[in-house]
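Please keep the sequence and the structure open beside this note while you read.

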Amino acid sequence: MTAATTTKAASARRRKHSAVNRGQALSGWLFTAPVLIILGLFLLIPVLMAAWVSVSDWTGRGSPLSPSVHFIGAQNYGQVLWAGGLSESDFGTALKNNFWYVILVVPIQTVVALALALAVNRRLLRGRGFFRTAYYFPSVTSSVAITVLWLFLFSSTGAVNAVIAWFGAKGPNWFNDPGGIFHFGATNGPSLLTSNTTLGVTWWDWLGGPSVAMTAFIMLAIFTTGGTFMLLFLAALQNLSGDVEEAAMMDGANSAERFFRVTLPQLRPTLFTVITLGLIGCWQVFDQIYTGTHGNPSKTTLTPAYLSYTAAFNNQQWGQGAAIAFILFVIIIIFTLIQRWVLSEKKVSRRRMGWIRRAEQRADAGGTAAAIAVATTYGEQNS
């Protein structure tokens, strides 16, 4: 075969391969086109329009793209961030309320979900199916129904205060008490804290923690979301290999060391997912506030999501409502990046690497493929 013939054959193969790739690419775009069109119509375009509304003077009448609507820059953002007045103080109050809500709900619900998953994953537990269903049931119940039930349970004459009365104490008037739980009943603080403000809210109020009313919503969030995240942890636990833990056990590690040094590091991807979903859900809390208190008492249950709704639909300040929504979006991104950095993979300790090497040796001697996968994962983390 001559060199010319070989060149022609290679060129023909390249053209055929290129034609196949183009055909596959075209098929892929055709299959994904319906989803891309739907996402564009109902997600991308509305987001872009909301972004325009946040920097325009649209009054809610007519089309936001009409010639009568003008670009006003960051004026709507300034009204809630640095212009002072009621809009800034309301946004600062909502941000403070939601901040404490996130700080308390996310870690507690994560710990509760992991504890429930560990409990229902025990092989010796009888009725595991019943407990899994019972723990998950609040997550699939209507949010409105759960909120109404919570209002009844935490009313001044409700079941919660009745239980508290059994111990000789008087329960608070939950959804009508605006006092911060970290103020411990104090109404005035040091002048340094009461004379300085951030976003129109005094430092004394920022440090006061959530109100008693918001605390009830915090317990509601933990009650309704613990079961959902329990399933995520449960699925991750059932996919873990036991070889590394067995190696740690043979090395004399106790149960706490095995959990924190073997099990928990392998749950890092699931932990990241749970915390990310928790952050997004907590910063977007709306339906419980809308159904329950409408931001009362004294705006201590006001949240940015609810404030965005009231600014747009109740006060007809559509630009400020859209601006608050985009500020909330930026806050969620920042918190997600922070927790991603915190949960980033750290160097594997020398002791745990010893357990992993023992698991690799047993796998080489006839162990399972799962042991090899786990050991390889830790080896990559250590490299």
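Predicted model: local features only at pLDDT ≥ 70, side-chain atom pairs only at ≥ 80, totals over all residues.

1. Ala325 counts as partly exposed, because its relative accessibility is 39%, and the scale behind that word calls a residue buried under 20% relative accessible area, exposed over 50%, and partly exposed in between, with a 1.4 Å probe and protein chains only. Ala325 belongs to helix H15, which covers residues 318–342; helices here are DSSP runs of H or I with at least four residues, strands are runs of E with at least two, and both are numbered from the N terminus.

2. Residues are numbered from 1 along each chain as its sequence is written, and side-chain values use heavy atoms, with hydrogens and water left out.

3. For the overall picture, the protein has 17 helices and 2 strands, and buried residues make up 38% of its 383 residues.

4. Leaving aside residues up to four places away in sequence, Ile289 touches Phe217, His294, Gly295, Thr301, Thr303 and Tyr306. For one of these, Thr301, the C-alpha atom is separated from that of Ile289 by 7.0 Å, with the two residues 12 apart along the chain.

5. The loop between H13 and helix H14 (304–314) deserves a careful look, and Pro297 lies in it. The peptide bond from Asn296 to Pro297 is cis, with omega near 0°. His294 is in this loop between H13 and H14 too, and its phi is near 55°, a positive value in a residue other than glycine. His294 is partly exposed, with a relative accessible area of 42%.

6. Leu199 also has a positive phi, near 55°, and is a residue other than glycine. Leu199 sits in the loop between strand E1 (197–198) and strand E2 (201–202), and it is buried, with a relative accessible area of 17%.

7. How many aromatic pairs does the structure hold? There are 21 aromatic pairs, counted where rings of Phe, Tyr and Trp (its six-membered ring) have centres within 6.5 Å; planes under 30 degrees apart count as stacked, over 60 as edge-to-face, and the rest as tilted. Trp100 and Phe182 form an edge-to-face pair, because their ring centres are 5.3 Å apart and their planes meet at 75°. Trp100 lies in helix H3 (residues 85–120) and Phe182 in the loop between helix H6 (159–166) and helix H7 (191–194), so the pair ties together parts that are 82 residues apart in sequence. Trp100 counts as buried at 14% relative accessibility, while Phe182 counts as partly exposed at 35%. Elsewhere, Trp58, Phe286, Tyr290, Tyr306, Tyr309, Phe313 and Trp318 form one aromatic cluster.

8. Helix H3 also holds Thr110, which counts as buried because its relative accessibility is 8%. Thr110 touches Phe233, Leu271, Val274 and Ile275, again not counting residues up to four places away in sequence.

9. The largest pocket is lined by 19 residues, of which Asn121, Arg123, Leu237, Glu245 and Thr263 lie nearest its centre. A pocket is found on a 1 Å grid over the protein atoms alone, as an open set of points where a 1.4 Å probe fits, with protein on both sides within 12 Å along at least five of seven lines, and lining residues have an atom within 4 Å of a point. Helix H9 (212–238), helix H10 (243–250) and helix H11 (255–266) each supply at least two residues of this lining, and the largest share, 6 residues, comes from H11.

Terms used:
Contact = heavy atoms within 4.5 Å.
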